[in-house]
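Colleague: Could we go through the helix packing and the ligand sites together, one point at a time?

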There are 2 protein chains.
Amino acid sequence: MRMAKGVEWALHTLLNLDMAGGGPVGSSQLAQAHGLPAPYLNKQLQQLSRAGLLASTPGPRGGFSLTRPLDAITLLDVVQAIEGDADMFQCTEIRCCGRIGELSPRPTGPCPVKNAMSRAEASWREALAAQTLAEIKAELDTGPVVGEIIRAALR
Amino acid sequence: MRMAKGVEWALHTLLNLDMAGGGPVGSSQLAQAHGLPAPYLNKQLQQLSRAGLLASTPGPRGGFSLTRPLDAITLLDVVQAIEGDADMFQCTEIRCCGRIGELSPRPTGPCPVKNAMSRAEASWREALAAQTLAEIKAELDTGPVVGEIIRAALR
DNA sequence: AATATCCAGGATATGTAATGTCCTGGATAG
DNA sequence: CTATCCAGGACATTACATATCCTGGATATT
Ligand code: SF4
Ligand code: SF4
């Protein structure tokens with residue numbers, strides 16, 4: 001039930017890329033900006049790329065760049081790109097095993113337990129989708145100085 | 001990000017205990033009702049017990065019994081008893097590491113990222129708390145026959 | 001064309017937490 | 001006193017996230 005660290009990495013990397021100003025930035029620069037393991041961060045960036053949040057350009061002076069402005073990226077986009085979209089409650093059908101499973105008729109129709117869990121999860125995703133990275137950046141930003149620092153750190 | 005299987009086990013065990021009619025039921029009976037590993041289920045039951053959802057009576061003819069009716073038990077109660085109440089988004093403070101960490105001033109005030117995640121998580125818990133086991137039992141129950149079967153399986 | 005740089009992605013460790021097992025001790029009914 | 005059952009600590013096992021490495025392909029530069 002703990003969220004992958006990659007989500008935090010991806011969030012800050014996306015925010016940094018926005019500060020960087022559009023040009024592609026290499027994955028190793030992005031990694032050392034926060035002291036992250038470069039090869040692993042690279043994999044996460046690949047996932048973001050497959051999800052359509054990032055574009056990658058190979059070759060010298062290549063790297064990753066944002067495909068859309070921050071106000072078009074929600075927290076849900078990032079979480080789904082990193083964590084996948086599998087349900088957190090995954091049923092093992094224990095009701096059909098053991099004594100009760102043998103004695104009971106095979107259950108029919110949709111499962112109420114699963115339904116209730118899915119409703120809760122849906123409202124979680126909804127709340128995630130209601131937050132854009134632009135809003136978060138606005139609360140996080142502490143002035144133009146920070147932009148300079150980040151651009152310098154990404155050289 | 002996957003929920004522990006113990007949640008499913010606990011849910012069905014609580015529902016079964018309700019069917020059983022109030023008297024304490026041994027953990028091994030509860031386990032074989034669904035073909036679950038008895039010693040491990042026992043640990044989960046201990047957690048439910050510590051959370052106040054179950055009462056345990058030692059000695060012969062002992063076992064576990066519900067402490068309150070199903071309509072006073074929410075999904076959140078069960079999830080929290082099994083999974084604990086730790087946040088799913090746990091920050092590693094990467095913003096303070098690496099180049100950016102060294103160059104930037106130490107961030108002040110509450111973290112907007114964390115806040116947004118917490119809001120989403122809160123709305124998840126809220127949805128879980130809105131569902132009682134009694135409601136789920138009502139949708140799950142397929143008639144008085146099932147009650148008989150479960151009571152028989154728990155002998 | 002040759003070269004240096006950088007991403008893509010598979011194969012493979014390593015670490016950590018969930019899952020599963022075992023055993024000892026304490027409580028209680030008979 | 002004894003048989004039964006829970007409490008809980010100490011492991012073993014498994015699954016998964018985390019981390020590393022290496023090969024190949026793309027591209028800008030020379
Ligand atoms: S009743 Fe629902 S949660 Fe329980 S085993 Fe069946 S499908 Fe899974
Ligand atoms: S900005 Fe927030 S999420 Fe990012 S490292 Fe700091 S506390 Fe954690």
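Colleague: At what angle do helix H4 (residues 75-83) of chain B and helix H6 (residues 112-129) of chain B pack, and how are they oriented?
Modeller: In this predicted model, local features need pLDDT of at least 70 and side-chain atom pairs count only at pLDDT 80 or more, while totals for chains, interfaces and linings use all residues. Helices are DSSP runs (H or I, at least four residues; strands are E, at least two) numbered from the N terminus, and axes are lines fitted to C-alpha atoms, for helices over the stretch in contact, with angles from 0 to 180 degrees between N-to-C directions. The axes of H4(B) and H6(B) are 6 Å apart and the angle is about 120°.

Colleague: Which residues of H6(B) meet H4(B)?
Modeller: Contact means heavy atoms within 4.5 Å, and side-chain values use heavy atoms, with hydrogens and water left out, residues being numbered from 1 along each chain as its sequence is written, chains lettered from A and ligands numbered from 1 in the order in which they are written. H4(B) contributes Leu75(B), Leu76(B), Val79(B) and Gln80(B), and their partners in H6(B) are Trp124(B), Arg125(B), Leu128(B) and Ala129(B).

Colleague: How is helix H1 (residues 5-20) of chain A oriented to helix H7 (residues 133-140) of chain A?
Modeller: The axes of H1(A) and H7(A) are 11 Å apart, and the helices pack at an angle of about 80°. That makes H1(A), relative to H7(A), roughly perpendicular.

Colleague: Which residues of helix H8 (residues 144-153) of chain A are in contact with H1(A)?
Modeller: H1(A) and H8(A) pack at about 100°, with axes 9 Å apart, and are therefore roughly perpendicular to each other. From H1(A) come Asn16(A), Met19(A) and Ala20(A), and from H8(A) come Val146(A), Gly147(A), Ile150(A) and Arg151(A).

Colleague: Where does ligand 2 sit?
Modeller: Ligand 2 lies between chains A and B, surrounded (a heavy atom within 4 Å) by residues that include Glu8(A) and His12(A) as well as Cys91(B) and Arg95(B). A molecule sits in a pocket if more than half of its atoms lie within 2 Å of its grid points, a pocket being, on a 1 Å grid over the protein atoms alone, an open set with protein on both sides within 12 Å along at least five of seven lines. Ligand 2 sits in the largest pocket.

Colleague: Which pocket is the space taken by ligand 1?
Modeller: Ligand 1 also lies between chains A and B, and among the residues around ligand 1 are Cys91(A), Cys111(A), Glu8(B) and His12(B). The space that ligand 1 takes is the second largest pocket.

Key:
1 Å grid on protein atoms, 1.4 Å probe; cavity = no way out; pocket = protein on both sides within 12 Å on 5 of 7 lines; lining within 4 Å. Parallel < 35°, antiparallel > 145°, perpendicular 65-115°, else oblique.
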